[in-house]
Amino acid sequence: MPYSVINAIVVFLAIAAIAAILSRSTKQEKLNLENTKKFCEKNNYEFIRNLKLEELPGKIKDFTIIQRHIGYKDFHSIVKGNYNGYDFMLLTFIYPGNHQTCGSLICLINKKDAKFPKFYLRDSKTLIDSLDKLLGKQEIKITANKDFSDKFLLQGANVEETQNFFSESRQQAVIQEHVKGYEYEADEDYFVISYPLSPSIPVEKYEALLTKTSSLLKKLEV
């Protein structure tokens, strides 16, 4: 068989494989949207489609977790409602140009009267953390619990307030509730958890992240 024919076959098979993947992704995304709408109808939540980033309140846009996604096209969908007494938003981001095939999910809860310092918390990543230090980003070490300090990177606007807030019981609550890849952030009004990047985000992840966020928030409020 001529080499040019073999090349043509290889190219055709590659295009067919890509088309099949995109088709499956599109079908899954449509199914996820339908399930999300049903989830909202069942729980009396509000469903919002394709909200622009600039339409969010300024305070929310300032979160580290949100700023990291500043290059995203828009929100694939937003779910708003009240869960266990907390007003919440579930924000789904999508990458531009990927036809909604890859994104990230964020749960944001209005914690009302709970007094939290402004902090950001995630899994410790040696290389990234070293680069952050070179850029002047501050890491807060809680030396009373080496397991916590070794496991997580913790940054805060006020070192003393953040250290005082993360008592031993709160550190244990984070360790017990933590799912690898989750990121956490808070200010005086909101508590946020970010679910890791995912090719597709089914409604089950919405429910799980909402439950996880409210559960950890209750423990941190104590």
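**Figure 1. The cysteine C107 in a predicted model.** C107 is buried, with a relative accessibility of 0%; buried denotes under 20% relative accessible area, exposed over 50%, and partly exposed the range in between, with a 1.4 Å probe and protein chains only. C40 is also buried, at 3% relative accessible area. A disulfide is a covalent bond between the sulfur atoms of two cysteines. The whole structure contains zero disulfides, where the criterion is a pair of cysteine sulfur atoms within 2.5 Å. The model is predicted: local features need pLDDT of at least 70 and side-chain atom pairs count only at pLDDT 80 or more, whereas totals for chains, interfaces and linings use all residues. Residues are numbered from 1 along each chain as its sequence is written, and side-chain values use heavy atoms, with hydrogens and water left out.

**Figure 2. Aromatic pairs.** The whole structure holds 10 aromatic pairs. Rings of Phe, Tyr and Trp (its six-membered ring) pair if their centres lie within 6.5 Å; planes under 30 degrees apart are stacked, over 60 edge-to-face, and the rest tilted. The rings of F116 and F165 are tilted, because their planes stand at 50 degrees, with centres 4.8 Å apart. F116 belongs to the loop between β4 (103-110) and β5 (119-123) and F165 to helix α6 (residues 159-165), so the pair ties together parts 49 residues apart in sequence. Helices (H or I, at least four residues) and strands (E, at least two) are DSSP runs, numbered from the N terminus. F116 is buried at 9% relative accessible area, and F165 is buried at 5%. Ring pairs join F116, F119, F148, F152, F165, F166 and F191 into a cluster.

**Figure 3. A charge over a ring.** The charged end of K118 sits over the ring of F63, 5.3 Å from its centre. The criterion is NZ of Lys or CZ of Arg within 6 Å of the ring centre and within 35 degrees of the ring normal.

**Figure 4. Salt bridges.** Side chains of opposite charge can pair when their charged atoms come close. A salt bridge is a side-chain nitrogen of Lys or Arg within 4 Å of a carboxyl oxygen of Asp or Glu, and the count is four. In one of them, D150 and K146 meet at 2.6 Å, N to O; both residues lie in helix α5 (residues 146-151), four residues apart, about one turn of the helix. K212 forms a salt bridge with E177, their closest N and O atoms being 3.1 Å apart. This pair links distant parts of the chain, with K212 in helix α8 (residues 203-221) and E177 in helix α7 (residues 168-177), 35 residues apart. Both K212 and E177 are buried. Shared partners join E177, K212 and K219 into one network of salt bridges.
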